[in-house]
Amino acid sequence: MAVLGLATLLVSAAPAAIAAGPGLDDPAKKDHAMQIVSSAENSSLNWRAQFGYIEDIGDGRGYTGGIIGFTSGTHDMLELVERYADAKPGNVLAKYLPALRAVDGSDSHEGLDPGYPGDWRAAANDQTFRDLQESERDRVYFNPSVSRAKQDGLRALGQFAYYDAAVVHGYEGLQAIRDRALGRAASPAQGGDETAYLQAFLDERVIEMKKEAAHEDTSRIDTAQRVWLNDGNLDLNTPLRWKVYGDSYSIG
């Protein structure tokens, strides 16, 4: 019987590496991500029905509208309407650009009421405006969040955790949460355990959310992302079951 070399023995004894599944930018997983976010933002899995959504939810950010919750107080709504004006001059929202620039950074509706919400809903019937909402969502939130998560060695669940944080707190807010989490646990890219790092990240996310009364309900973490993490579903595979604000949802 041949004697195996030490290197051969070590290789054969080593556990097989677990292949990571598709990232969040896989079309199916990206659609799942949009549904999960919509469950928290709009109490519906039908995110494509939210292009015309607009209201002031009382969070100090003025009007919140569209598929990702663009707000008149945090610049992203202004950028969206500016790009819409570039793509289609004279559109129904273009006349509000001076007012949007004036209220940027505040919760004011000055110059927007009473017509802006109705005109936003009218604009949502325009395919150009819908396409721009998707492209701005990806440019400002989805693409940079997923890219950062991949650099940190995170699989689809971690990529989603970053994206959802950016949706609520902005990309800079995501970065701040990430920095604090890295002070508690090493990322997979640094040689750390993925689950331990994500637990630290979600802990810091909850702390950040509770700083604002409008976000004091942390069920989008506690009964959704944390559940999948505790189940070991790092690839965010279906079937997915979760609750937000006490309502139950499922995919697959």
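1. What share of the contacts in the protein with a separation of 6 or more comes from residues 24 or more positions apart? The share is 58%, where contact means heavy atoms within 4.5 Å.

2. The model is predicted: local features need pLDDT of at least 70, side-chain atom pairs count only at pLDDT 80 or more, and totals for chains, interfaces and linings use all residues. Residues are numbered from 1 along each chain as its sequence is written, and side-chain values use heavy atoms, leaving out hydrogens and water.

3. The protein has nine helices and five strands; helices (H or I, at least four residues) and strands (E, at least two) are DSSP runs, numbered from the N terminus. The C-alpha trace spans about 85 × 35 × 30 Å along its principal axes. Of the 252 residues, 49% are buried, that is, under 20% relative accessible area with a 1.4 Å probe, protein chains only.

4. Helix 5 covers residues 116–123, and its buried residues are Tyr116, Pro117, Asp119, Trp120 and Ala123. Seen down the axis, these buried residues fall within an arc of 165°, so they line one face of the helix; the arc is that of the directions from the helix axis to the C-beta atoms. Their cover includes strand 1 (54–56), strand 2 (63–65), helix 3 (76–87), helix 4 (97–103) and helix 6 (127–151).

5. Trp120 also belongs to the residues with the most contacts inside the largest nonpolar core, along with Leu93, Tyr116, Tyr163, Phe201, Leu236 and Trp242. That core has 69 residues; a nonpolar core is a set of buried Ala, Val, Leu, Ile, Met, Phe, Trp, Tyr and Cys residues joined through side-chain atoms within 4.5 Å. Residues up to four places away in sequence not counted, Trp120 touches, among others, Phe51, Ile54, Met77, Leu93 and Phe129.

6. Helix 6 and helix 7 (residues 156–182) pack at an angle of about 105°, with their axes 8 Å apart. The axes are lines fitted to C-alpha atoms over the stretch in contact, and angles run from 0 to 180 degrees between N-to-C directions. Helix 6 is therefore roughly perpendicular to helix 7, a label for angles of 65 to 115 degrees. Residues making the contact include Tyr141 and Val146 of helix 6 and Gln159 and Tyr163 of helix 7.

7. Gln159 lies in helix 7 and is buried, with a relative accessible area of 3%. Leaving aside neighbours within four places in sequence, Gln159 is in contact with Gly23, Leu24, Asp25, Val146, Ala149, Lys150 and Leu154.

How values were computed:
Buried means under 20% relative accessible area, exposed over 50%, partly exposed in between (1.4 Å probe, protein chains only). Angles under 35 degrees count as roughly parallel, over 145 as roughly antiparallel, 65 to 115 as roughly perpendicular and the rest as oblique.
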